Amino acid sequence: MSDSFQRSNLAQSMEAQHAELEHALTRSPFRLHADRMVQQGAKTINILQVAWILRVKRGCEMVFMRLPELLASGERLAKDLRNLRDDGQLGVAWREYTRDAGERAILLIDLLPGERRPLP
């Protein structure tokens, strides 16, 4: 009698169907497969996070180890630029630099693979 009463009561019937569906889903092969995939994804994310942290740490250590050398190089560059400016040679040095950079860019483009067209 209680079964027929529960089936006639809409709220209890829906609750029973929900529980039955939830039970079926938690034991389904799809759910087990999905859970395994989520676990594997979480492990992969953890591995990538550790790798990224180690890479960033190594990069920071390299920068801090080379910082005195980089600062000294920057100071030498600033001194050389001041000397060129004081001697009136800064414009000449800049023109030579841009010409050299342009030539190197043209040589690089010439070496890159691609469609070869004859120059006009």
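Helices (H or I, at least four residues) and strands (E, at least two) are DSSP runs, numbered from the N terminus. This is a predicted model, in which local features need pLDDT of at least 70, side-chain atom pairs count only at pLDDT 80 or more, and totals for chains, interfaces and linings use all residues. Residues are numbered from 1 along each chain as its sequence is written, and side-chain values use heavy atoms, leaving out hydrogens and water.

**Exercise 1.** State how many helices and strands the protein chain has.

Solution. Count the elements: four helices and zero strands. Then read along the sequence: the pattern is α-α-α-α.

**Exercise 2.** Find which helix has the lowest mean pLDDT and which the highest.

Solution. Recall that pLDDT is the predictor's confidence in each residue, from 0 to 100. The mean for the protein chain is 85. Helix H1 (residues 2-8) has the lowest mean, 53. Helix H4 (residues 90-111) has the highest, 93.

**Exercise 3.** Describe the salt bridge of Arg104 and the exposure of its two residues.

Solution. A salt bridge needs a side-chain nitrogen of Lys or Arg within 4 Å of a carboxyl oxygen of Asp or Glu. The partner of Arg104 is Asp100, with the closest N and O atoms 2.8 Å apart. Both lie in helix H4, four residues apart, about one helical turn. Now check exposure: buried means under 20% relative accessible area, exposed over 50%, partly exposed in between (1.4 Å probe, protein chains only). Arg104 is exposed at 56%. Asp100 is partly exposed at 30%.
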